[in-house]
Amino acid sequence: GAVTMALRGANAHTHAARVLVRPAVRHATVSAHQQHCRELVRKHDYDGYLATLFLPRQHRDAAFALRAFNVELATIRDAVKDDRIGLMRFQFWRQMLQEKDSPPRQPVALALHEAMQQCRLSQAFLGRLIQARQTHISDAAFPSITDLDTYCEHTQGTLLYLLMEACGLRHIDNDHAASHVGKAIGTALLLRATPALAKRGKVRLPLDLLAKHQLSQTAVMRGEAQAAMRDAVHELASQAYVHLETASRCKLPGTARKVLLAGAPTKLYLDKLERVDFDVFAPGLAARGIALPVRMAAAAFRGRIF
């Protein structure tokens, strides 16, 4: 089942996609636009792709549609050089949400429309995802850790709320746990992106965090002030870890825990970050390998979220 597919995916992404597609096509259960969503997520959000494989089969199409929608929004920033073009793309998705009967003939839009109809997805949550991505269309640093937390809540947290809805789960306890996991995921994603951003002359780490540790953006880009940088990374990583631990203590139904397996890659990254003494620039830190699907499979088997 999901464990076998995830393990195959870790060994060879392209081969795994073929393995996953063949049974679905044979039984005519995956449309072209649904398959497009799966491939898009596999290419741009492999952690999310693996996590979705552990969901009950009947919820996967809607989950892939939501994750593909998130990919579409998240990649606008890097896909356009002119912010005005980016704003037009965000507006396309806003208008798509208003189409009740005839969505645009775009694969992700078609799949998302089906999910909206079948799962009664919250328009407010979908709109929040768009607005959060649009607000941060530039790669500017977050003014504060609180602003970073809010952004993570409005992106990764909101995506998890929607995935809960796609699985028929609407309860405040589920959303409370999802909020914590979303904040942890978003924080870890920022840390993971820091080396690549630095190479492009960009720093998105919160400005109040840099000031507290007497770090300049230039020092971060140049890889200087290593001790101060490790202290700053340690502070953010510790905050993400606390969010995961808080979520793990919540009493949740089995399907909700499977939704929150999305936090397992974050836990794996934080563990590796600790082993390199919070050197976010350490070689090989972002590599996943076979450990991720194995850890996710073990967590799923034990009924844990990581």
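In this predicted model, the largest pocket holds about 1,100 Å³ of space. Its lining is made up of 37 residues, of which H44, A74, R133, L189 and A193 are the closest to the pocket centre.

**The lining of the largest pocket**

- The elements that each give two or more residues to this lining are helix 4 (46-53), helix 5 (57-74), helix 6 (76-79), helix 10 (145-166), helix 11 (172-199) and helix 16 (264-275).
- Helix 11 provides the largest share of the pocket lining, with 9 residues.
- Sorted by class, the lining of the largest pocket consists of 18 nonpolar, 8 polar and 11 charged residues.

- The structure contains 4 cavities of 30 Å³ or more, and the largest cavity has about 70 Å³ of space.
- The residues that line the largest cavity are R192, P265, L268, Y269, K272, L285, A286, A287, R288 and L292, and helix 16 gives the largest share of them, 4 residues.
- In the lining of the largest cavity there are 7 nonpolar and 3 charged residues, with no polar ones.
- The second largest cavity, with a volume of about 40 Å³, is lined by L73, A74, R77, F90, R133, H136, I137 and Y151.
- By class, the lining of the second largest cavity comprises 5 nonpolar, 1 polar and 2 charged residues.
- A74 and R133, which belong to the lining of the second largest cavity, are also among the residues closest to the centre of the largest pocket.

**Helix 4 against helix 17**

- Helix 4 packs on helix 17 (residues 291-302) at an angle of about 30°, and the two axes lie 11 Å apart; helix 4 and helix 17 are therefore roughly parallel to each other.
- The crossing of helix 4 and helix 17 is right-handed, and the contact involves D47, L50 and A51 from helix 4 together with L292, P293 and M296 from helix 17.
- This contact of helix 4 with helix 17 has 5 nonpolar residues and 1 charged residue, and no polar ones.
- L292 takes part in this contact and also lines the largest cavity.

**Helix 7 against helix 9**

- The axes of helix 7 (residues 83-98) and helix 9 (residues 123-135) cross at roughly 175° and come within 10 Å, which makes helix 7 roughly antiparallel to helix 9.
- On the helix 7 side, L87, F90, W93, R94, L97 and Q98 meet Q123, L126, G127, I130, Q131, R133 and Q134 of helix 9, and by class this contact has 6 nonpolar, 5 polar and 2 charged residues.

Methods
Residues numbered from 1 in each chain as written. Predicted model: local features only at pLDDT ≥ 70, side-chain atom pairs only at ≥ 80, totals over all residues. Heavy atoms only, no water. 1 Å grid on protein atoms, 1.4 Å probe; cavity = no way out; pocket = protein on both sides within 12 Å on 5 of 7 lines; lining within 4 Å. Points joined across faces, edges and corners; volume = space filled by probe spheres on them. Nonpolar A, V, L, I, M, F, W, Y, C, P; charged D, E, K, R; others polar. Axes fitted to C-alpha atoms, helices over the stretch in contact; angles between N-to-C directions. Parallel < 35°, antiparallel > 145°, perpendicular 65-115°, else oblique. Left-handed = near helix turned anticlockwise from the far one by under 90°. Contact = heavy atoms within 4.5 Å.
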